[in-house]
Amino acid sequence: MNPGPGPAAPRTALPLVLAGARGHGRWHLENIRRLQQAGRVRLVGICELEPLAGAELDGLGEPAQSADFAGLLDATGAAVAVICTPIPTHADLAVAAAARGVHLLLEKPPAPSYADFRRITDAVAAAGVACQVGFQSLGSHAVPAIRALVADGVIGASMGVGAAGAWARDEAYYRRAPWAGRRRLDGVDVVDGVLTNPLAHAVATALAVDGSPRADDIKRVDTELFRANAIESDDTSFVGVTTASGSRIGVAATLCAERPDEPYVIVHGTQGRITFWYKQDRVLVQRAGHGPEEVLHGRTDLLENLVDHLADRAELLVPPASTGAFMKVVESIRRAPDPLPLPVEAWRSVPGEHEGVRRRIVHGIDGLVAASADTLCGYAELGTFWALPGPVPDSRPIAETPPR
């Protein structure tokens, strides 16, 4: 008689260091707390400029704390590092971890330039460590489900993929750190634009759903970069991607929305469409001869997936190679001319969420972003006056915006 499978091998909590525990890093801290309580990881070190204390460390024991990331890895013997630090620091920290044989969860965007991305991938490959890039939407079970629907011809032949992101960020968002809203800082690339950081998931998810996630999947990238805010980088932009297979991907996004809403990706077919609200893992299928079908999918946590991968229980969901196409887009944005300032008649200033803080709204931008996702057209092709060729007067800097 076959006795069946034996008991599962015991799981050992992996020692882990978190670099960047405040800001977005708080989300990682909470996730680490959850996995530590489940016995999957053990937080042994925190790399921050100012040590954490009190309630910030509840349930996490007494991890070592230091602003010296490499020294912390050496002192703790960490097996895994989570890097959630400013964009320009990603490459140096990732290379330092790889050199010590430490596996990585690297927050998106993985790097501000393709050269830095190659530094990371080369270091990871040379060291033989695992690296997971933190595009959480790519852990959604909806992504392979959508790919299967398209492959099965459920919406006919694919005609391209559009994505739309209409979010709002006020003036304080660009004052939260010296690198916020910058293309470069002290001669170092930052590229903190709407499509490379806050709505980077829209780009990466559209590429993944199209089946074009790798660098060699990209043939051409066209950019339209604008800014309503007095920043260096773009806050209202479009990228059009032509893939090596000939498919078309268009992503339009803004941080100056009139009514902020959930970002989404649309797969257009000859006989229907599939809409994916990637933050919600929600998929809507609309096709000829059928009523609309909506499904809510599950999601695999990327740190948990990395831990399972290291125990030979799972394939890595977002290895660096699967973000190569995204980095080609980042590189195109980095190399593009500086974003054009929108004329003052294109936007208005309104009160932000906090007293004394204002935010800028681009007139009609919500509809333009949606129209772009529907048509795969950029702002200029849609006939938007501020995107058409010609001189554009500069916008007023934030400091000079009078209260209204």
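**Notes on the predicted model**

1. Arg40 is buried, at 4% relative accessibility (buried is under 20% relative accessible area, exposed over 50%, partly exposed in between, with a 1.4 Å probe and protein chains only). Arg40 sits in the loop between α1 (25-37) and β2 (41-47), and its side chain makes a 2.6 Å polar contact with that of Asp308. A polar contact is a pair of N or O atoms within 3.5 Å, one able to donate a hydrogen and the other to accept it; residues adjacent in sequence count only if both atoms are side-chain atoms.

2. Before going on: this is a predicted model, with local features needing pLDDT of at least 70, side-chain atom pairs 80 or more, and totals for chains, interfaces and linings using all residues. Numbering runs from 1 along each chain as its sequence is written, and side-chain values use heavy atoms, leaving out hydrogens and water.

3. Now the rings: Phe226 and Tyr379 pair edge-to-face, 6.4 Å centre to centre with 65° between the planes. They are 153 residues apart, with Phe226 in strand β10 (residues 218-227) and Tyr379 in the segment after α9 (365-375). (Helices, H or I, have at least four residues and strands, E, at least two, as DSSP runs numbered from the N terminus.) Both are buried.

4. Tyr379 also pairs with Trp386, in a tilted arrangement with centres 5.3 Å apart and planes at 55°. Rings of Phe, Tyr and Trp (its six-membered ring) pair with centres within 6.5 Å; planes under 30 degrees apart are stacked, over 60 edge-to-face, the rest tilted.
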